[in-house]
Amino acid sequence: MTDIPTYKHNDTQTLENYWMPFTANRQFKANPRMLAEAEGMYYKDTSGRAILDGTAGLWCCNAGHGRKEISEAVSRQINKMDYAPSFQMGHPLAFELAERLANISPQGLNKVFFTNSGSESVDSALKIAINYHRANGEATRTRFIGRELGYHGVGFGGISVGGIGGNRKTFSQQLLPGVDHLPHTLDMQNNAFTRGMPKTGAEKADVLEQLVALHGAENIAAVIVEPMSGSAGVILPPEGYLKRLRAITKKHGILLIFDEVITGFGRVGDAFASQRWDVTPDMITTAKALNNGAIPMGAVLIDDDIYDACMQGPEGIELFHGYTYSGHPVAAAAAIASLNIYENEKLFERSKELEGYFEDAIHSLKGLPNIIDIRNIGLVGGIQFSPSEKGVGKRGFGIFETCFDKGTLVRATADIIAISPPLIVSKQEIDQIVNTLSDAIRAVG
Ligand code: PMP
């Protein structure tokens, strides 16, 4: 057996070559937070210090870390067959996984297109939407409608429909043409500190009618939204909002895509947010917890009608699209093992069961310095702070750093702290996350 290397950053290892994603490299190098091991609810850094995972990695590891069922399935599969070409031939695991996903997805979404990431799932869904309308004899339907503050990955499609300025500005001349954005649903004036879904704001969906009037339904391909915005800081849909979006899109023959890269696989208390809020879109994009973050993989869940329309062509194929690693056998093995854990341990139900406890715990922070809103659903919460005079994001980052130093991982986006622990989290661990956060908030001020 080969030795497992031990990682050290502070002696001989150079930090000069890796261009880190979404990270200020210079800032990182001044104080590198280097993770080396993970087990259950904990990471360990390179010095062996335990860090409680309050974020399931990056919203990925819903079954916790170091799951032997997953590593054994991966090892078995890689020894049996490491890779198989993804087109013009298949392998059983991709079909088995597609069937498993169809079984837990909302009714009618029985077709699965495999990708390697959330970004690829989003761009695939957008292409499928255009292709569907073309196959259906409506080739003018090419416009997309996203939403302010939406995050849909980093492909050119994803940043075009996305609504976070920082991801778009550099590329403003290269974005997809014909994209509009609905208003976001964050309303701290009326809904600050709401537990669960805000009561007011559903009418913001009606802006879609104005966009339809402006452009004509015959030119609009799809609306894409995160049912709950994750990356922009846990923004919940107001009660009735998603149903209204569904009604308007249906009325005008516009497809509705839910980006469930974060909300999928139990985060908000059901397999998918679509089920939690009883709204069935035409497509769902997923990734992350699909295989517990073990190996890059994403999937688009697609309505049967869309698939049927796209398969009508003379050769039974209308969409020229795919990836070398679509349905990768090793990633698929990890996904099936993850779905087994989610099912056997009833983790989606657990997310709902612990919702009340989690909600009370994070709302107990109300009143601490500079907190202007607290939001939550399932096992996800967001705590919003007013920016410090040092600049936007400085307070959030300071709280993240302080929590990390105190042994708990939380996530900072601007001045919002997001918490999204693995769904195996215990009540004591929820308390530990919230207590550390409370200390950090007081320390940072
Ligand atoms: N969509 C949503 C809703 C996401 O949260 C993310 C990632 N945070 C993505 C898409 C992009 O996923 P990836 O980073 O795997 O490309």
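A residue counts as buried if 20 or more other C-beta atoms lie within 10 Å of its own, with C-beta atoms placed from the backbone. The views below show parts of a predicted model.

**View 1. Helix α16 and its buried residues.** Helix α16 runs over residues 394-405 and has 12 residues. From its first C-alpha to its last, α16 reaches 16 Å, close to the 16 Å expected at 1.5 Å a residue. The buried residues of α16 are Arg 395, Gly 396, Phe 397, Gly 398, Ile 399, Phe 400 and Cys 403. These buried residues pack against the strands β12 (380-385), β13 (408-409), β14 (411-413) and β15 (416-419), and against helix α17 (427-444). Just after α16 comes Gly 407, with a positive phi of about 90°.

View 2. Ser 388 belongs to the loop between β12 and α16. With 17 other C-beta atoms within 10 Å, Ser 388 is partly exposed. Leaving out residues up to four places away in sequence, Ser 388 touches Lys 394 and Arg 395. Arg 395 is one of the buried residues of α16. Ser 388 and Tyr 241 are 147 residues apart along the chain, and their C-alpha atoms are separated by 33 Å.

**View 3. The shell around the ligand.** The ligand is surrounded by 14 residues, and the closest are Ser 117, Gly 118, Ser 119, Gly 153 and Val 261. By class, the shell has five nonpolar, seven polar and two charged residues. Helix α5 (residues 118-135) gives the largest share of the shell, three residues.

**View 4. Helix α5 along its length.** Helix α5 has 18 residues and spans 25 Å from its first C-alpha to its last, close to the 26 Å expected at 1.5 Å a residue. Of the 18 residues of α5, 13 are buried, so the helix is largely enclosed by the rest of the structure.

**View 5. The contact between the two domains.** The chain is divided into domain 1 (25-63 + 348-444) and domain 2 (71-344). The C-alpha centres of the two domains lie 26 Å apart. Their contact takes 31 residues from domain 1 and 28 residues from domain 2. On the side of domain 1 that touches domain 2, the elements giving two or more residues are α2 (56-59), α14 (347-353), α15 (355-363), β11 (371-377), β12 and β15. The largest share of that side, six residues, comes from β11. By class, this side of domain 1 has 14 nonpolar, 11 polar and six charged residues.

**View 6. Lys 352 in helix α14.** Lys 352 is found in helix α14. It is partly exposed, with 18 other C-beta atoms within 10 Å. Not counting residues up to four places away in sequence, Lys 352 touches Gly 269 and Gly 378. Lys 352 and Pro 92 are 260 residues apart in sequence, and the distance between them in space is 33 Å, C-alpha to C-alpha.

**View 7. The largest nonpolar core.** In soluble globular proteins, nonpolar side chains tend to be buried together. Here the largest nonpolar core has 118 residues, and those with the most contacts inside it are Ala 222, Val 223, Ile 257 and Ile 417. Helix α13 (residues 329-344) supplies the largest share of this core, nine residues. The core draws at least three residues from each of domain 1 and domain 2. Leaving aside neighbours within four places in sequence, Ala 222 is in contact with Leu 126, Ala 129, Phe 144, Ile 254, Leu 255 and Ile 257.

View 8. Most residues other than glycine have a negative phi. Asn 370, a residue other than glycine, has a positive phi near 70°. Its place is in the loop between α15 and β11. Asn 370 is partly exposed, with 15 other C-beta atoms within 10 Å. Ala 414 is not a glycine either, and its phi is positive, about 50°. The loop that holds Ala 414 is the one between β14 and β15. Ala 414 has 18 other C-beta atoms within 10 Å and is partly exposed.

Note on methods
Residues are numbered from 1 along each chain as its sequence is written. This is a predicted model: local features need pLDDT of at least 70, side-chain atom pairs count only at pLDDT 80 or more; totals for chains, interfaces and linings use all residues. A residue is near a molecule or strand if its C-beta atom, placed from the backbone, lies within 6 Å of it. Helices (H or I, at least four residues) and strands (E, at least two) are DSSP runs, numbered from the N terminus. Ala, Val, Leu, Ile, Met, Phe, Trp, Tyr, Cys and Pro count as nonpolar, Asp, Glu, Lys and Arg as charged, and the others, Gly among them, as polar. The expected span of a helix is 1.5 Å times one less than its number of residues. A residue is buried if 20 or more other C-beta atoms lie within 10 Å of its own, exposed if 12 or fewer, and partly exposed in between; C-beta atoms are placed from the backbone. Two residues are in contact if their C-beta atoms, placed from the backbone, lie within 7 Å. Domain bounds come from an automatic or database domain assignment. A nonpolar core is a set of buried Ala, Val, Leu, Ile, Met, Phe, Trp, Tyr and Cys residues joined through C-beta atoms within 7 Å.
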